[in-house]
Amino acid sequence: MPTLSIRFTGGHYHATPWGRHANEGAVEWPPSPWRLLRALISAGYTKLPEWQSGVMPETARSLFLKLSGVLPSYRLPTAIGTHTRHYMPTRANPTLVLDTRAVTGSDPVFVHWDVPLEPDERAWLARLAASLGYLGRAESWTECELLTDAPQPDAGWVVPCEQAESPGRGWEQVEVMASVAPETYTVWRQKRVAEALAPFPLPEGRNPPEKLLKERKKAVAPYPEDILACLQAETGWLQKEGWSQPPGSQRVLYW
């Protein structure tokens with residue numbers, strides 16, 4: 001059962017929750033499972049030589065399929081929300097911009113996935129974690145490692161609301177972004193693809209014309225092939241295809 005230790009070496013964490021504007025002054029805390037998986041995948045493509053062909057290694061694929069299928073638990077340091085204000089020059093009047101952050105101090109965030117990994121998968125996760133230079137905005141510098149002797153989650157950990165009753169006074173529900181389970185996305189995609197292709201049936205007994213094939217390809221383009229493709233979708237593609245929330249993602253509540 002893997003546990004990552006993430007220490008913010010600058011003592012602060014910058015990340016805006018999905019669907020919020022930076023000037024709202026909101027901080028994504030804890031770091032969302034969606035953001036963390038995307039950051040680890042990005043570290044593979046940018047730091048590890050085996051990924052430089054642009055293709056995720058097969059063992060890494062199995063690793064991320066397992067991690068995306070469960071909601072992690074967190075042990076969080078005490079954090080304080082704060083911000084600085086900057087007036088950016090524009091053609092007209094200066095524009096106020098908020099730089100919001102969580103001041104975390106030197107204690108690490110622990111992230112635990114309750115899923116067994118094979119030795120090769122653990123090795124990949126350890127390398128990816130060690131390659132993770134920041135999480136959130138680029139100034140949220142990190143030292144990250146896969147723990148070999150990790151503390152076990154207890155009543156003080158932050159857990160998904162669906163996995164625990166209300167702890168009582170002093171706790172609140174916080175919404176973060178996570179991936180849906182790979183099999184859940186597969187079923188959802190099959191249904192959406194069938195609906196998208198219904199207006200473009202293939203002819204029987206003859207080869208389909210090129211125009212029809214292009215229309216079918218365009219119809220299914222908004223639906224990534226699997227959950228790993230969803231996790232690697234870029235912002236420009238999401239905007240082009242009209243997604244206000246990434247396919248394969250869900251908003252979940254944590255205590």
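Author: The largest cavity has a volume of about 50 Å³. A cavity here is a set of points on a 1 Å grid, over the protein atoms alone, where a 1.4 Å probe fits but cannot get out. Points are joined across faces, edges and corners, and the volume is the space filled by probe spheres set on them. This is a predicted model: local features need pLDDT of at least 70 and side-chain atom pairs count only at pLDDT 80 or more, while totals for chains, interfaces and linings use all residues. Residues are numbered from 1 along each chain as its sequence is written, and side-chain values use heavy atoms, with hydrogens and water left out.

Who lines the largest cavity? His14, Ala15, Thr16, Ala22, Ala26, Leu98, Asp99, Thr100 and Arg137 do. A lining residue has an atom within 4 Å of a point. By class, that lining splits into four nonpolar, three polar and two charged residues. Nonpolar covers Ala, Val, Leu, Ile, Met, Phe, Trp, Tyr, Cys and Pro; charged covers Asp, Glu, Lys and Arg; the others, Gly among them, are polar.

The structure holds two cavities of 30 Å³ or more.

Now the open space. The largest pocket has a volume of about 880 Å³. It is lined by 33 residues, and the closest to its centre are Arg35, Arg38, Ala39, Ser42 and Gly136. A pocket is an open set with protein on both sides within 12 Å along at least five of seven lines. α1 (33-47), α6 (227-231) and α7 (235-241) are the elements that supply two or more lining residues. The largest share, nine residues, comes from α1. The pocket lining counts 16 nonpolar, eleven polar and six charged residues.

The structure holds zero disulfides, a disulfide being a pair of cysteine sulfur atoms within 2.5 Å. Cys161 is buried, at 14% relative accessible area. Cys230 is buried too, at 1%. Buried means under 20% relative accessible area, with a 1.4 Å probe and protein chains only; exposed is over 50%, and partly exposed lies in between.

Methods:
Helix = DSSP H or I, 4+ residues; strand = E, 2+ residues; numbered from the N terminus.
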